[in-house]
Amino acid sequence: MAEAKPLLQVENLVKHFPITKGMLISKQIGAVRAVDGISFTIMPGETLGLVGESGCGKSTTGLLVLRLIEATSGSISFAGRDVRALDRQSLRELRKDMQIIFQDPYGSLNPRMTVGDIVAEPLRIHKIASGAALAQRVKELLELVGLEPRSAGRYPHEFSGGQRQRIGIARALALNPKLIVCDEPVSALDVSIQAQVANLLLDLQEEFGLAYLFISHDLSMVRVIAHRVAVMYLGKIVELAGREQLYTRPLHPYTQALLSAVPIPDPKVKMQPILLKGEIPNQVNPPQGCRFHTRCPYAVDICRSVEPVLVPASDNHYAACHLVGRLR
């Protein structure tokens with residue numbers, strides 16, 4: 001039996017945003033190293049959770065994968081095609097297979113368009129349907145995400161945050177994509193609504209075989225929805241493992257600190273949070289060696305001078321830490 005190939009393969013992806021000085025004649029004086037050499041794969045029908053603190057490069061990674069912004073270097077392969085090498089027309093065709101659900105359900109929907117027009121827009125742009133067939137497809141999509149078909153004639157401001165996010169999901173599903181980048185799709189919603197939207201995403205994945213890149217800072221939500229989890233810190237992936245491996249046996253000190261802060265709904269279990277000292281370093285001039293060493297309670301000399309690489313610590317469990325063997 002042939003081994004399944006990755007749907008998405010990212011290798012050594014880099015995005016540096018230049019910092020310039022001067023108005024008439026601008027000169028680059030530095031760069032924000034938002035994403036600095038990360039690699040991962042997503043299999044068909046799989047969810048990869050991408051977690052980390054705000055500003056670590058998670059959302060930038062999602063935009064790079066979709067080529068909504070251009071990478072500085074690295075490779076992005078989708079279904080065997082080199083995404084970075086595609087011309088405008090080829091990239092437009094690829095958009096059918098790669099979609100996004102944005103974080104803000106209030107800002108991601110055009111307030112001047114009806115819900116029906118918002119959901120129908122991808123179908124019109126790609127000339128998939130028109131007339132009665134278009135109206136029928138919009139109806140099906142709204143029902144699919146739990147909204148009444150009569151909602152098509154209303155405007156976004158008439159809906160709650162959770163309902164607006166369902167509209168965004170319906171729009172993302174319109175072209176039958178294979179991969180959806182979910183950029184913190186529940187973080188702006190009430191806690192009671194978050195579970196409903198997460199369950200909807202799980203149901204849709206099961207029904208249509210969707211693959212997700214699920215970007216979030218909510219570790220509890222990621223544990224529910226992801227098959228594998230990648231932990232980012234300051235533009236780097238510091239740990240990558242299966243869901244249960246990562247949550248039950250985290251290897252990297254940063255992952256251990258993140259998980260120690262997650263509340264456990266059991267009064268008998270008392271967790272002692274690992275308090276990290278200091279602030280996240282500047283992405284313009286990150287620390288030499290391991291980028292986490294300035295906040296790591298276990299840092300030794302090698303951590304301050306040699307940058308660790310992401311290497312296998314056990315089966316399908318990778319960590320970028322010089323001390324992995326000692327911290328198990």
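Q: Which residue of E4 stands opposite Val14?
A: It is Ser73 in E4. Likewise, Glu11 stands opposite Ser75 in E4. Keep in mind that this is a predicted model, where local features need pLDDT of at least 70, side-chain atom pairs count only at pLDDT 80 or more, and totals for chains, interfaces and linings use all residues. Residues are numbered from 1 along each chain as its sequence is written, and side-chain values use heavy atoms, leaving out hydrogens and water.

Q: How do you know that E1 and E4 pair?
A: Two strands (DSSP runs of E, at least two residues, numbered from the N terminus) pair if DSSP finds at least two bridges between them. E1 and E4 (residues 73–78) have 5 bridges, in the antiparallel sense, so they pass that test.

Q: What makes E1 and E2 partners?
A: Here 12 bridges join the two strands, which run antiparallel. Pro18, for example, stands opposite Ala31 in E2. The hairpin of E1 and E2 has 5 residues between the strands, and Gly22 there takes a positive phi near 105 degrees.

Q: Why are E2 and E5 called edge strands?
A: The open sheet has 4 strands in the order E2-E1-E4-E5, with antiparallel pairing. E2 and E5 (81–82) each pair on one side only.

Q: Why does Met23 count as exposed?
A: Exposed means over 50% relative accessible area, buried under 20%, and partly exposed in between (1.4 Å probe, protein chains only). Met23 has 81% relative accessibility, so it counts as exposed. Met23 lies in the loop between E1 (8–21) and E2 (27–42).

Q: How much of the protein is buried?
A: Buried residues make up 49% of its 328 residues.

Q: Where is confidence lowest, and where is it highest?
A: By pLDDT (the predictor's confidence in each residue, from 0 to 100), helix H11 (residues 324–327; a helix is a DSSP run of H or I, at least four residues) is lowest, with a mean of 65. Strand E3 (residues 47–51) is highest, at 97. The protein's mean is 91, and 95% of its residues reach 70 or more. Where pLDDT is low, the predicted coordinates should not be read in detail.
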